[in-house]
Amino acid sequence: MPEVIFNGPDGRLEGRYQPGKEPNAPIAIVLHPHPEFGGTMNNQIVYHLFYMFAQRGFAVLRFNSRGVGRSQGTFDHGIGELSDAAAALDWLQALNRESRGCWIAGFSFGAWIGMQLLMRRPEVEGFISVTPPENLYDFSFLAPCPSSGLIIHGDKDRVAPPSAVQKLVDKLKTQKGITIEQQIVEGANHFYEGKVEDLVGKCSEYLDRRRAEIAAGGGR
């Protein structure tokens, strides 16, 4: 798994990149949780989601946003981190010009950044949003949400309570032309302690099912 350095809007960004198994392999980007609370590309959920995509032949990238690890810059409360994510996706797409299909996954703060990114990218065919903290950040930009995806969260989460995530799900489910699937990991707190395997299993099942539907002409 190559270490990579690429140019972001505020300096160099470091990442880990796994090339796809085929020239036209789909691509995916995985976004880490809040940097000021220890969030990095080596977070175990980010790491497992990265390998979930890699095992399915995706060209996949995880990276440290500005000011994290060896990435240059300083934390920018989401504005700069969104620009970093856009630069990372640009870099990934430039390496994989024949790619068919683009996915975005993010955990907590990374889910918020990821859902903003997909608003700017009509080519995104799906997303996986792990515990989007609707109670901590403004998600009103999802009007409308441009692609179908999975919102998954734990029922014992005290950081992003189930009731807050439910508000986001209910809002998105009223939109036509997309399908928002909600799954709950029973017994899981915000960090999925002892439940990471359950989380990744549900994400993997969703990804496999959606990819099969898209291949069969099921669209977005």
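1. In this predicted model, eight strands form an open sheet in the order 1-2-4-3-5-6-7-8, and the pairing within the sheet is mixed. From one strand to the next, the twist averages 20 degrees.

2. As an example of the pairing, strand 6 (residues 126-130) and strand 7 (residues 149-154) run in the parallel sense and are joined over four bridges. Within this pair, isoleucine 128 has leucine 150 of strand 7 as its bridge partner.

3. Helix 1 (residues 44-55) lies across strand 2 (11-18), strand 3 (27-31), strand 4 (59-63), strand 5 (102-107) and strand 6, with a direction at about 165 degrees to strand 4. Helix 2 (residues 79-95), for its part, lies across strand 1, strand 2, strand 3, strand 4 and strand 5, and runs at about 155 degrees to strand 3.

4. For helix 3 (residues 109-120), the length can be checked against expectation: at 1.5 Å a residue its 12 residues should span 16 Å, and the end C-alpha atoms are 18 Å apart, which agrees. This helix is mostly covered, since 10 of its 12 residues are buried, among them Phe109, Trp112, Ile113, Met115, Leu117 and Leu118, together with Gln116. The buried residues of helix 3 pack against strand 3, strand 5, strand 6 and strand 7, and also against helix 2 and helix 4 (162-173).

5. A polar atom of the asparagine 43 side chain lies 2.9 Å from the backbone nitrogen of isoleucine 45. Leaving aside residues up to four places away in sequence, asparagine 43 touches Pro33 and Phe107.

6. On the annotation, an unreviewed UniProt entry places the feature "domain: Peptidase S9 prolyl oligopeptidase catalytic" at residues 147-193. In the model, the end C-alpha atoms of residues 147-193 lie 30 Å apart, and the span is 26% helix and 26% strand.

Note on methods
Residues numbered from 1 in each chain as written. Predicted model: local features only at pLDDT ≥ 70, side-chain atom pairs only at ≥ 80, totals over all residues. Heavy atoms only, no water. UniProt positions renumbered as here; feature names shortened; annotations may be inferred. Helix = DSSP H or I, 4+ residues; strand = E, 2+ residues; numbered from the N terminus. Pairing = 2+ DSSP bridges. Axes fitted to C-alpha atoms, helices over the stretch in contact; angles between N-to-C directions. Contact = heavy atoms within 4.5 Å. Expected span 1.5 Å × (residues − 1). Buried < 20%, exposed > 50% of the residue type's maximum accessible area, 1.4 Å probe, protein only. Polar contact = N/O pair within 3.5 Å; in protein donor to acceptor, adjacent residues only side chain to side chain.
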